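The sequence and the model are shown first, and the description follows.

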Amino acid sequence: FARTVFTNKALLTLVLMTIFSISAYNIMPTMMAYFAQYNLANVELLSVINFFSIGASIVAILCIPWLVKRLGKRNTALLGFVIAAASAGVNFLVPTNIYVFTALYALTFIGVALPNGVTWAMVSDTIDYGDWRTGVRREGITYSMFNFSRKLAQALAAGMAGVGLGMIGYVKDFDSALGVAEADSVRAGIKGLLTLYPCITLTLA
């Protein structure tokens with residue numbers, strides 16, 4: 001196991017990329033529920049924003065074969081990370097406007113969908129690389145390690161959402177429980193978890 005995993009630089013790179021990208025991808029829908037309720041003051045907007053973000057992801061996935069043919073898998077993934085990180089970063093910096101926010105949020109999902117769509121093909125490449133380097137082909141261990149990294153990222157996102165809400169001072173019904181300045185600080189923290197955290201993790205990815 002150790003030889004298969006830790007001598008395969010391509011696999012380790014893919015695992016780290018997956019941990020960061022899936023962590024960002026999973027924390028966004030979680031925080032979006034809080035953002036719609038407290039920052040946008042309309043929880044019904046959650047379904048509208050999710051409609052556009054999921055729709056944007058589908059469009060991006062349909063474009064993957066065309067992009068891979070022209071750019072290659074690696075560059076398609078990097079293009080997605082640039083789009084997603086830049087969109088999330090701009091969304092954090094600009095004042096919240098429902099139309100601008102939704103457009104940038106959808107762009108972030110377009111960017112995330114591209115690397116997530118090509119990673120499974122990249123796993124096959126890491127298997128070939130490990131076979132070339134060690135002379136032993138071990139698909140099972142490689143796929144297991146990759147799947148483990150995805151589960152780890154999902155757990156990290158869930159934990160980060162809870163820890164992050166605690167760090168920004170979130171409490172139930174904070175609008176009435178906290179002062180105006182403290183409530184505004186919590187809203188800014190929610191926006192940061194929704195946009196700045198993905199920006200950072202996607203840049204690392």
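## Overall layout

Read from the N terminus on, the elements of the chain run α-α-α-α-α-α-α-α, and the secondary structure accordingly comes to eight helices and zero strands. The model is a predicted one, and in it the C-alpha atoms of the chain fill a box of roughly 65 × 35 × 25 Å, taken along the principal axes.

## Helix α2 and its bend

Helix α2 covers residues 9–39, and its 31 residues reach 42 Å from the first C-alpha to the last, which is close to the 45 Å expected at 1.5 Å a residue. The helix has a kink of about 30°, centred on methionine 31, and Met31 is also one of the α2 residues in contact with α8. Just after α2, alanine 41 takes a positive phi of about 60°.

## Helix α8 and its bend

Helix α8, residues 180–204, has 25 residues and reaches 35 Å between its first and last C-alpha, close to the 36 Å expected at 1.5 Å a residue. A bend of about 40° occurs in α8 at glycine 192, and Gly192 is among the α8 residues that meet α4.

## Packing of α2 against α8

The helices α2 and α8 pack at an angle of about 165°, with their axes 9 Å apart. Because angles over 145 degrees count as roughly antiparallel, α2 and α8 are roughly antiparallel to each other, and α2 passes α8 in a left-handed crossing.

On the α2 side, the contact is made by Phe20, Ser21, Ser23, Ala24, Ile27, Met28, Met31, Met32, Tyr34, Phe35, Tyr38 and Asn39, while α8 contributes Arg187, Ile190, Lys191, Leu193, Leu194, Tyr197, Pro198, Thr201, Leu202 and Leu204. Sorted by class, the contact of α2 with α8 has 16 nonpolar, four polar and two charged residues.

## Packing of α4 against α8

Helix α4 (residues 73–93) also packs with α8, here at an angle of about 150° and with the axes 8 Å apart. That angle makes α4 roughly antiparallel to α8, and the crossing in which α4 passes α8 is left-handed.

The residues of α4 involved are Phe81, Ala84, Ala85, Ala88, Gly89, Asn91 and Phe92, and they meet Lys191, Gly192, Thr195, Leu196, Pro198, Cys199, Leu202 and Thr203 in α8. By class, this contact of α4 with α8 has nine nonpolar, five polar and one charged residues.

## Packing of α2 against α3

The axes of α2 and helix α3 (residues 45–71) come within 9 Å and cross at roughly 135°. That makes α2 oblique to α3, and α2 passes α3 in a right-handed crossing.

In this contact Met32, Ala33 and Ala36 of α2 meet Leu46, Ile49 and Asn50 of α3, and by class the contact of α2 with α3 has five nonpolar, one polar and no charged residues.

Notes:
Residues numbered from 1 in each chain as written. Predicted model: local features only at pLDDT ≥ 70, side-chain atom pairs only at ≥ 80, totals over all residues. Heavy atoms only, no water. Axes fitted to C-alpha atoms, helices over the stretch in contact; angles between N-to-C directions. Helix = DSSP H or I, 4+ residues; strand = E, 2+ residues; numbered from the N terminus. Parallel < 35°, antiparallel > 145°, perpendicular 65-115°, else oblique. Left-handed = near helix turned anticlockwise from the far one by under 90°. Contact = heavy atoms within 4.5 Å. Nonpolar A, V, L, I, M, F, W, Y, C, P; charged D, E, K, R; others polar. Expected span 1.5 Å × (residues − 1). Bend = angle between axes of the 7 residues up to and from the residue.
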